[in-house]
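This briefing goes with the sequence and the model shown below. Please keep both in view while reading.

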Amino acid sequence: MLRESEVLAEHLELRVPPEIAPTVLRALGHSTARDMEIDAMVLPSSGWRHRAVMLLRWYRQRIGRQLGSRCVYEPSCSHYAELAFRQLSFSRACWLTIRRLMRCRPGNGGLDLLPTLKKGGRL
């Protein structure tokens, strides 16, 4: 049984500019489809990638919920970082994550994928 606050996001119709839709959806207490897709990915088997992904997921569960969903981008900053650490070198993932966090503020927003995904890659 669903509580009132557990309305499924795919049943919502948002009439807002596309660049702020992820922010509005998160403010209503929902995850975006892309964020849920990243959450459903299997953890890397071992090594630094495994530890980085575990740390990001811990952050989302413990700290991120207390701060509230404020990210203006799709996917959220922590999900973007998870993808970066899964696909890129440690230093490149750190650099892209820091750059993303510096851009994440009201006035920006919308779809922002990793550079490797912008060139026709999938997710």
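Predicted model: local features only at pLDDT ≥ 70, side-chain atom pairs only at ≥ 80, totals over all residues.

Residues are numbered from 1 along each chain as its sequence is written, and side-chain values use heavy atoms, with hydrogens and water left out. The protein chain has six helices and two strands, where helices (H or I, at least four residues) and strands (E, at least two) are DSSP runs, numbered from the N terminus.

**Overall make-up**

- Read from the N terminus, the elements of the protein chain follow the order α-α-α-β-α-α-β-α.
- Of the 123 residues of the protein chain, 34% count as buried; buried means under 20% relative accessible area, exposed over 50% and partly exposed in between, with a 1.4 Å probe and protein chains only.
- Among contacts in the protein chain with a separation of 6 or more, 64% link residues 24 or more positions apart; contact means heavy atoms within 4.5 Å.

**Helix H3**

- Helix H3 takes in the 21 residues 47-67 and should span 30 Å at 1.5 Å a residue, which agrees with the 29 Å between its end C-alpha atoms; the expected span is 1.5 Å times one less than the number of residues.
- A kink of about 40 degrees in H3 is centred on Arg60, the bend at a residue being the angle between axes fitted to the seven residues ending there and the seven starting there.
- Arg60 is also one of the buried residues of H3, the others being Ala52, Val53, Leu56, Arg57 and Gly64.
- These buried residues pack against helix H2 (33-39) and helix H4 (77-87).
- After H3 comes Gly68, with a positive phi near 90 degrees.

- Two packed helices are described by the angle between their axes and the distance between the axes.
- For H3 and H4 the angle is about 175 degrees and the axes are 9 Å apart; axes are lines fitted to C-alpha atoms, for helices over the stretch in contact, and angles run from 0 to 180 degrees between N-to-C directions.
- H3 and H4 are therefore roughly antiparallel to each other; angles under 35 degrees count as roughly parallel, over 145 as roughly antiparallel, 65 to 115 as roughly perpendicular and the rest as oblique.
- On the H3 side this contact is made by Trp48, Arg49, Ala52, Val53, Leu56, Arg57, Tyr59 and Arg60, and on the H4 side by Ser78, His79, Ala81, Glu82, Phe85, Arg86 and Gln87.
- The axes of H4 and helix H5 (residues 90-103) cross at roughly 165 degrees and come within 9 Å, so H4 and H5 are also roughly antiparallel to each other.
- Cys77, Tyr80, Ala81, Ala84 and Phe85 of H4 meet residues of H5 including Phe90, Ala93, Cys94 and Leu96.
- H4 is largely enclosed by the rest of the structure, because ten of its eleven residues are buried.
- Among the buried residues of H4 are Cys77, Tyr80, Leu83 and Phe85.

**Val53 in H3**

- Val53 belongs to helix H3 and is buried, with a relative accessible area of 0%.
- Not counting residues up to four places away in sequence, Val53 touches Leu43, Pro44, Glu82 and Arg86.
- Val53 and Leu83 are 30 residues apart in sequence, and their C-alpha atoms are 8.7 Å apart.

- The peptide bond from Glu74 to Pro75 is cis, with omega near -5 degrees.
- Pro75 sits in the loop between strand E1 (73-74) and H4.
- Asp35, in helix H2, counts as buried at 3% relative accessibility.

**Leu88 between H4 and H5**

- Leu88 is in the loop between H4 and H5 and counts as buried at 13% relative accessibility.
- Leu88 touches Trp48, Arg49, Ala93, Leu96, Leu114 and Thr116, again not counting residues up to four places away in sequence.
- Leu88 and Leu114 are 26 residues apart in sequence and 9.7 Å apart in space, C-alpha to C-alpha.
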